[in-house]
Amino acid sequence: MKVRWTTSLDIEDSSVDDLCGLVMTARKSGSFRMSDPVKPPPSKKSRRDRSRGKSSGRSCTTEVMEQEIWKDFPEDLFEAVIARLPIATFFRFRSVCRQWNSMLTSQSFSLHCTQVTQESPWFYTITHENVNSGAMYDPSLKKWHHPTISTPPTKLIVLPVASAGGLVCFLDIGHRNFFVCNPLTQSFKELPVRSVKVWSRVAVGMTTNGNSVGSGYKILWVGCDGEYEVYDSVRNSWSRPGNMPAGMKLPLSINFRSQAVSIGSTLYFMRSDPEGIVSYDMATGVWKQYIIPAPLHLTDHTLAECDGQIMLVGLLTKNAATCVCIWELQKMTLLWKEVDRMPNIWCLDFYGKHVRMTCLGNKGLLMLSLRSKQMNRLVTYNIAKKEWLKVPGCVVPRGRKRQWIACGTAFHPCLTAVA
């Protein structure tokens, strides 16, 4: 099957105007020089900006950078600088010249990107209204991006199920075909056909071979009957290293609402009977299981991770009151300890309503979709900072209706990750 993935981000990032005070142009020979600043089209200023200009007694002007000073800026430093720009800013700068646009395939630029500390993850989501296209949320800018995706020829519906190293793993709705792509670029790959024919629902996890996807990645699928396989991108094939332990209770009763959590080379899956966690080490091929009772009155719970610590997020419902709570797994006792919960003022909106929750990302920053017949809310929760924030509604370009988020996953944006 030939699949083509095209991406067109709606970048309108006004926060980078300071960086765009100068515009780089390329000579036909490919070298760079500094041109005069291009005046942006006039735009209506907000009341705050107008009052700020009056109070300061001076108008805002664009600082002109001297061409004589900047024309000899070393070209090898451009990649180091651009690698540290926000992702959205990079897509604006790609249009400067062909050489900058070709950085996506540059090994030196890829090396610079690996040296930059990863920012907060983005979220790739699928909406109920349009299952054939995704919406990406950038929490640093609190902005939605809508990539343009050409549909596979067979009209497959593919859903995001896992991510690692800037790549997102998709599985078609029939649980037959796997795909891997970089949502920011046109890097797309259909994985080989699995050797084990299991068409029932499966849980999926993904890890990288090392600190970045440049060394390859692995994908694991596991079914309730204990069947599983591992895909190795270096070998471009599926295999079954190791065996399910004899003491592992089957069926696994995997909680499919909970995405897998990866810590190092180990993947963790939630199971419901008995309640607990099943883990698989991608490096050693060893399975383990942990019996961990879930908190009482808990629904729609899912695993999460922060700095190597396994967390749990779920809805705690008692009588007519419902609240989102966060637990941390205690390593010594293997018990869940509550560490935070959603502000009470927010939980009052859930009172008396049948609320359902979906966790769209579980890597340090969570995105929670809370919905009922009368409500459709998205919030993020920063585990380290214990910070709750409301997410602006997802509206398609030139549209007005808010989209209902069906599913999604978190991924760390990486410009140079190749499927």
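User: How much accessible surface does the protein chain have, and what share belongs to carbon and sulfur atoms?

Analyst: Accessible areas come from the Shrake-Rupley method with a 1.4 Å probe, and for residues only the protein chains shown count as cover. Here the protein chain comes to about 22100 Å², with 51% of that belonging to carbon and sulfur atoms. Keep in mind that this is a predicted model: local features need pLDDT of at least 70, side-chain atom pairs count only at pLDDT 80 or more, and totals for chains, interfaces and linings use all residues. Residues are numbered from 1 along each chain as its sequence is written, and side-chain values use heavy atoms, leaving out hydrogens and water.

User: What share of the residues is buried?

Analyst: Buried means under 20% relative accessible area, exposed over 50%, and partly exposed in between (1.4 Å probe, protein chains only). In this chain, 47% of the 419 residues are buried.

User: Okay, is Ser258 buried or exposed?

Analyst: Ser258 counts as buried because its relative accessibility is 7%. You'll find Ser258 in the loop between strand 13 (237-239) and strand 14 (261-263). Strands are DSSP runs (E, at least two residues), numbered from the N terminus.

User: Which residues does Ser258 touch?

Analyst: Contact means heavy atoms within 4.5 Å. Leaving aside residues up to four places away in sequence, Ser258 touches Met270, His301, Thr302 and Leu303.

User: And which side chain makes a polar contact with the side chain of Ser258?

Analyst: A polar contact is a pair of N or O atoms within 3.5 Å; within protein, one must be able to donate a hydrogen and the other to accept it, and residues adjacent in sequence count only if both atoms are side-chain atoms. For Ser258, the partner is the side chain of Thr302, at 3.1 Å.

Notes:
Helix = DSSP H or I, 4+ residues; strand = E, 2+ residues; numbered from the N terminus.
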